[in-house]
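Welcome, and please open the model in your viewer. We will take it stop by stop, selecting a few residues at a time.

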Amino acid sequence: CLCPSGYTGVYCEQDIDYCVDSHCSEHGVCLDQRYNFTCRCMLGYEGPLCDVEVNECNSFPCSNGATCVDLISDYRCHCPPGFERTCFQNVNDCWSQPCLNGGSCVDLINDYICHCPLYSGRDCSSSVNQCVSNSCDPEGTILCEDLKSTYRCVCHHGNTGTHCETPINHCVDGLCQHGSVCVDLSRGFKCDCLPLTGQFCEINIDDCEL
């Protein structure tokens with residue numbers, strides 16, 4: 001019997017197993033075909049006999065000038081500081097919420113900045129003495145009270161305002177009676193009563209008793 005390709009035996013009854021003498025590498029599995037064999041390769045290998053390791057770095061997967069290291073069915077990028085995986089995306093350094101006490105975080109490359117509204121320090125953890133940056137009086141004669149988020153100036157008698165810059169006018173219209181003149185003083189007022197007397201010039205002097 002003249003057997004067709006793939007068969008043997010006296011009566012061509014035997015299927016030739018081409019995988020018996022196959023040369024697939026240890027990284028491939030032999031599949032018997034009718035006329036030949038093929039090698040099914042494991043991940044990370046290629047070639048007719050699965051003896052060639054695939055270089056995953058040939059596709060240039062690493063960004064920003066990073067170095068690619070070929071592995072078995074994988075690769076690794078040695079990224080610049082602040083990047084990860086394929087070195088394309090910047091690591092979010094604000095993800096851990098490093099800014100305290102209401103501070104807002106701005107992500108940088110391998111770093112971050114905290115904008116601190118009420119505190120100081122890299123992570124807004126240090127209390128700010130408001131009286132240092134907001135002095136009530138350059139000469140230091142007015143007492144400043146630190147209130148953490150703001151400050152208060154303890155004004156001397158006779159002054160008011162945020163920095164005690166406004167003198168208090170103690171003379172209110174109509175305070176001194178009968179047309180007398182009000183004189184503003186640092187700690188109060190005085191009425192020039194003319195022919196009258198009393199704190200507010202409200203008492204008429206009885207000239208008959210003089």
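Start by selecting Ile-113, which counts as partly exposed because its relative accessibility is 40%; the scale used here calls a residue buried under 20% relative accessible area, exposed over 50%, and partly exposed in between (1.4 Å probe, protein chains only). Before moving on, note that this is a predicted model, where local features need pLDDT of at least 70, side-chain atom pairs count only at pLDDT 80 or more, and totals for chains, interfaces and linings use all residues. Residues are numbered from 1 along each chain as its sequence is written, and side-chain values use heavy atoms, with hydrogens and water left out.

**Stop one: the strand around Ile-113**

Strands here are DSSP runs of E with at least two residues, and helices are runs of H or I with at least four, numbered from the N terminus. Which residues of β10 are on its covered face, and which on its uncovered one? Tyr-112 and Cys-114 make up the covered face, while Asp-111, Ile-113 and His-115 are on the uncovered face.

Strands count as paired if DSSP finds at least two bridges between them. Across from Ile-113 you will find Val-106. Two residues sit between the strands of this hairpin, and Asn-110 has a positive phi near 60°.

Colour Val-106, Leu-108 and Ile-113 together: they form a nonpolar surface patch with about 200 Å² of accessible area in total. Patch members have over 30% relative accessible area and no salt bridge; like charges are joined within 9 Å, and nonpolar side chains (Val, Leu, Ile, Met, Phe, Trp, Tyr) within 5 Å. The areas come from the Shrake-Rupley method with a 1.4 Å probe, and for residues only the protein chains shown count as cover.

**Stop two: charged pairs**

Show the side chains of Asp-111 and Arg-122, which meet in a salt bridge at 2.8 Å, N to O. That term means a side-chain nitrogen of Lys or Arg within 4 Å of a carboxyl oxygen of Asp or Glu. Asp-111 belongs to β10 and Arg-122 to the loop between β11 (119–120) and β12 (126–127), so the pair ties together parts that are eleven residues apart in sequence. Asp-111 is partly exposed at 29% relative accessible area, whereas Arg-122 is exposed at 51%.

Next, select Arg-152 and Glu-145, whose side chains form a salt bridge at 2.5 Å, N to O. Arg-152 is partly exposed at 42%, and Glu-145 is partly exposed at 32%.

**Stop three: another hairpin**

Go to residues 67–71, strand β7, joined to β8 by five bridges in an antiparallel arrangement. β8 spans residues 74–78, with Tyr-75 and Cys-77 on the covered face and Asp-74, Arg-76 and His-78 on the uncovered one. Asp-70 is opposite Tyr-75. In this hairpin, with two residues between its strands, Ser-73 takes a positive phi near 60°.

**Last stop: zoom out**

The domain assignment gives domain 1 (7–53), domain 2 (56–90), domain 3 (129–168) and domain 4 (172–209); such bounds come from an automatic or database assignment. Taken over C-alpha atoms, the centres of domain 2 and domain 4 are 91 Å apart. Finally, select residues 90–125, a span with 33% strand and 0% helix whose end C-alpha atoms are 26 Å apart.
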